[in-house]
Amino acid sequence: ASRYCATLHCLESGGSIAVAALAEDFSAMRFGKKLALQVMDDASGAPYVSHKAMKEAISRAVRELRLYQARLQQTDLGWKDDGTSCSTTDMRLPTPAELSEMEARVTAFDEELFAIVDDDLFRILAHAQDCETLFSARLARLQGGLVRAGLLMEEAQLQRLETLMPAAQGDKPSLCQRVLEFRICAAPVDAFRAQQSLAVEYNAAVEVANQHAQYLELNVAGFRKLLKRHEKQIPQPFRSRPGPFLGFHRLVSHRCRSMLDFLRQVKSVLALAREIFEQALPSADAAPDVDMEWVELEELRGLGPECETVLSIRRQLREHTGGVPRQVVSSMYPKPGVDNPPAMSGS
């Protein structure tokens, strides 16, 4: 569990109003402060986007660009309409070599920015993939527990049951329910404890999933914000790479999305199993000496708006066979909930 990033802890003593206010304040917080608090709270050593270093790299490039533009303006002002040089004693016109050197410095600062981007992306992606590999193993164990408890059935099991119970052929959900009801009635305490154990395991998986989704959301937001800033402030001729740079989209994997979808299905299965248990065996008749209070199932938050926007853009890019149209390149870093992902018509 130490390999997964931790989330900020809510203050439980303040009641629901205080917790809601804290969540709202955190949402409205400036990104740099939000990131710093997350990094400070995360004891796992997970890598995060180098927000400060990337901002400084962009600022250096912008400062050099402004100096270049000022010198270039001097060149424009230093010549008369007839092409002859103005007679000025207080202004030395820049030479073409000086201008070329300044252009190269702007591009060099831009290269420094993308060196940071590449390094961050490599480390964060490796960490995210490691986390998802461990999480996949956790879900496999949870799935095995569901099968052993009779809440899930493999296709081979269903086929054998249909052979033994010909009247139930063609209605697999009803068959599964009847088998579960039989197991509950035969050993109610064991069935109850098995479902409780699975609920605890599910809640632990949800906690890890929510932490991982928050980790992805924060890093995706960091890359998007800084690259959008770069896109606005650094003109195309001075960029060391063509835009848009969407390498950070790889942080949001289809495997992660599939695992979150599986967890949602597990919650539905557990909730349905509880309904079947209570219908098949009312709690008053199940086991008078056993506390039959169910463990509350935690809420899976899933991917955040930043990650969902990434998935939306990737779907459009896959569907568009003619490449990215030039008119939408500058809008490839939309802010979730404010900007719409670029619409790309087919070629």
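**Before you start**

Because the model is predicted, local features need pLDDT of at least 70 and side-chain atom pairs count only at pLDDT 80 or more, while totals for chains, interfaces and linings use all residues. Residues are numbered from 1 along each chain as its sequence is written, and side-chain values use heavy atoms, with hydrogens and water left out.

**The whole chain**

Show the protein as a cartoon, and you will find 10 helices and 0 strands, where helices (H or I, at least four residues) and strands (E, at least two) are DSSP runs numbered from the N terminus. Of its 347 residues, 41% count as buried; buried means under 20% relative accessible area, exposed means over 50%, and partly exposed lies in between, with a 1.4 Å probe and protein chains only. Among contacts between residues at least 6 apart in sequence, 80% join residues at least 24 apart, a contact being heavy atoms within 4.5 Å.

**Helices α7 and α8**

Select α7 (residues 188-233) together with α8 (254-280). Their axes come within 10 Å and cross at roughly 155°; such axes are lines fitted to C-alpha atoms, for helices over the stretch in contact, and angles run from 0 to 180 degrees between N-to-C directions. The two helices, α7 and α8, are therefore roughly antiparallel to each other, given that angles under 35 degrees count as roughly parallel, over 145 as roughly antiparallel, 65 to 115 as roughly perpendicular and the rest as oblique. The crossing of α7 and α8 is left-handed, a name used if the near helix is turned anticlockwise from the far one by less than a right angle, with right-handed used if clockwise. Sorted by class, the contact of α7 with α8 has 17 nonpolar, 3 polar and 2 charged residues; here Ala, Val, Leu, Ile, Met, Phe, Trp, Tyr, Cys and Pro count as nonpolar, Asp, Glu, Lys and Arg as charged, and the others, Gly among them, as polar.

**Residue L270**

Stay with L270, which sits in helix α8 and counts as buried at 2% relative accessibility. Leaving aside neighbours within four places in sequence, L270 is in contact with L146, L151, Q195, L198, A199, Y202 and L297. One of these, L151, is 119 residues from L270 in sequence, but the two are 7.7 Å apart in space, C-alpha to C-alpha.

**Helices α2 and α7**

Next select α2 (31-41) with α7; these helices pack at an angle of about 145°, with their axes 11 Å apart, and their crossing is left-handed. The contact is made by F31, K34, L35 and Q38 of α2 and by Q214, L218, A221, G222 and K225 of α7, which divide into 4 nonpolar, 3 polar and 2 charged residues.

**Aromatic rings**

Now colour the aromatic side chains: a search of the whole structure finds 7 aromatic pairs. Rings of Phe, Tyr and Trp (its six-membered ring) pair if their centres lie within 6.5 Å, and planes under 30 degrees apart count as stacked, over 60 as edge-to-face and the rest as tilted.

Begin with Y48 and Y215, an edge-to-face pair with 5.1 Å centre to centre and 75° between the planes. This pair links distant parts of the chain, with Y48 in the loop between α2 and α3 (51-77) and Y215 in helix α7, 167 residues apart. Y48 counts as buried at 8% relative accessibility, and Y215 counts as buried at 1%.

Move on to F223 and F248, a stacked pair with 6.0 Å centre to centre and 20° between the planes. F223 lies in helix α7 and F248 in the loop between α7 and α8, 25 residues apart. F223 is buried, with a relative accessible area of 0%, and F248 is buried, with 2%. Finally, select F192, F277 and W294, which ring pairs link into a cluster.

**Last stop: R92**

Select R92 in the loop between α3 and α4, which counts as exposed at 51% relative accessibility. Not counting residues up to four places away in sequence, R92 touches R71, Q74 and E98.
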